[in-house]
Amino acid sequence: MSPINLAIVGVGKIARDQHLPSIASNPDFRLVAAASRHGGVEGIPHYTTIEAMLEAMPSIDAVSLCMPPQFRYDAARAAISANKHVFLEKPPGATLSEVVDLETLATSKGSSLFASWHSRYAAAVEAARSFLASVEIQSVHIVWKEDVRHWHPNQEWIWQAGGLGVFDPGINALSILTHILPSAAFLRSAKLEFPENRQAPIAADLHFTDAANINIRAEFDWRQTGEQTWDIKANTSGGEMALARGGSALSIDGAAIFVSSQEEYPALYRRFADLIAKGESDVDLAPLRHVADAFLLGERIVVEPFYDRA
Ligand code: NAP
């Protein structure tokens, strides 16, 4: 089988940090072009728009869309309309409806559409899912707190409408939660804190339950300096499960469980290759649905303005 001719669109932080090395190490893919208004990738043709790239290079089989979510739909529609397979960075779009539209189009064109959730591929996530399937869950507590100035310096889009604010990292926790819980949860109440000079929240406190009335709390905060926290804890009939460090470490009652050494983005590209080989799509909207619910149901609290420099 010859490799899949892949193009990358939106060459910025995540494209350089994760996509390029993962593509380079996967023999199922050959990176053949990049489309980005400013960025490029050395050694391959570069275009400033996806439309120009698709027109000039009909041999492209698939594209990875790595721009911010507000600008992903048009690019995805152009690619699927040209019969390409599409890898969507998380979150898959700015609205639920646009992603449903892309899924419908992909089905009609026979393209594989992959709405990726990288945190689901963290090393300990599958072990946590197996553990929770074997016990009775009493409660779940997510704490996802990080320093926005460190992780998102000068990223204006993230504070604009559709940029999701603290839900940009928080949706990673929700992507894990929706994968490891045996039953579907739904939001009961939420408080969202918006800096008075921004369109997106800097913190969120979410209370979910599920059909069995399990309490699930998620605290997201972008104002945490020092140690960063990306933890999901569950009290269960089999002890306290702690899924820590963004899904990469698991312990039960404090005892570490051996987990794989899997890295997220190489695993995402293996999944994308598999979907293309099987002619399938993978579009799970559950994490984005929870975020949309938080914006629907959440109380809005205005807090002090946020500036990139403290
Ligand atoms: P970024 O570096 O700010 O943006 C990526 C690239 O998108 C930019 O370099 C820019 O390239 C292009 N872009 C920006 N605004 C655009 C616009 N208005 N129209 C078209 N293209 C535009 O962001 P990022 O951190 O890589 O994040 C991109 C996506 O990856 C987000 O959805 C994010 O949630 C996800 N992600 C990020 C990380 C992370 O650690 N940063 C981790 C996992 C997932 P040009 O100016 O060259 O067009």
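Biologist: By class, how many nonpolar, polar and charged residues does the lining of the largest pocket have?

Modeller: This is a predicted model. In it, the pocket lining has 20 nonpolar, 16 polar and 13 charged residues.

Biologist: How is such a pocket found, and what is the volume of this one?

Modeller: Rolling a probe the size of a water molecule over the atoms shows where empty space is left. Here the largest pocket has a volume of about 1500 Å³.

Biologist: Which residues lie nearest the centre of the largest pocket?

Modeller: They are K13, I14, E89, Q155 and W157, out of 49 residues that line the largest pocket. Two or more lining residues come from each of α1 (13–24), α2 (50–56), α3 (72–81), α7 (167–180) and α8 (264–278). Helix α1 gives the largest share, four residues.

Biologist: Why does the largest pocket lie between domain 1 and domain 2?

Modeller: Because domain 1 (4–115) and domain 2 (122–261 + 292–303) both contribute residues to its lining.

Biologist: Now the strands. In which sense do β7 and β11 pair, parallel or antiparallel?

Modeller: Strand β7 (residues 137–145) pairs with strand β11 (residues 229–236) in the antiparallel sense, over eight bridges. To locate the pairing in the model, find K145, which stands opposite T229 in β11.

Biologist: Which strand forms a hairpin with β11?

Modeller: Strand β12 does, with two residues between β11 and β12. These two strands run antiparallel and are joined by five bridges, β12 covering residues 239–244. At this pairing, T236 stands opposite G239 in β12.

How values were computed. Residues numbered from 1 in each chain as written. Predicted model: local features only at pLDDT ≥ 70, side-chain atom pairs only at ≥ 80, totals over all residues. Heavy atoms only, no water. Pairing = 2+ DSSP bridges. 1 Å grid on protein atoms, 1.4 Å probe; cavity = no way out; pocket = protein on both sides within 12 Å on 5 of 7 lines; lining within 4 Å. Points joined across faces, edges and corners; volume = space filled by probe spheres on them. Nonpolar A, V, L, I, M, F, W, Y, C, P; charged D, E, K, R; others polar. Domains from an automatic or database assignment.
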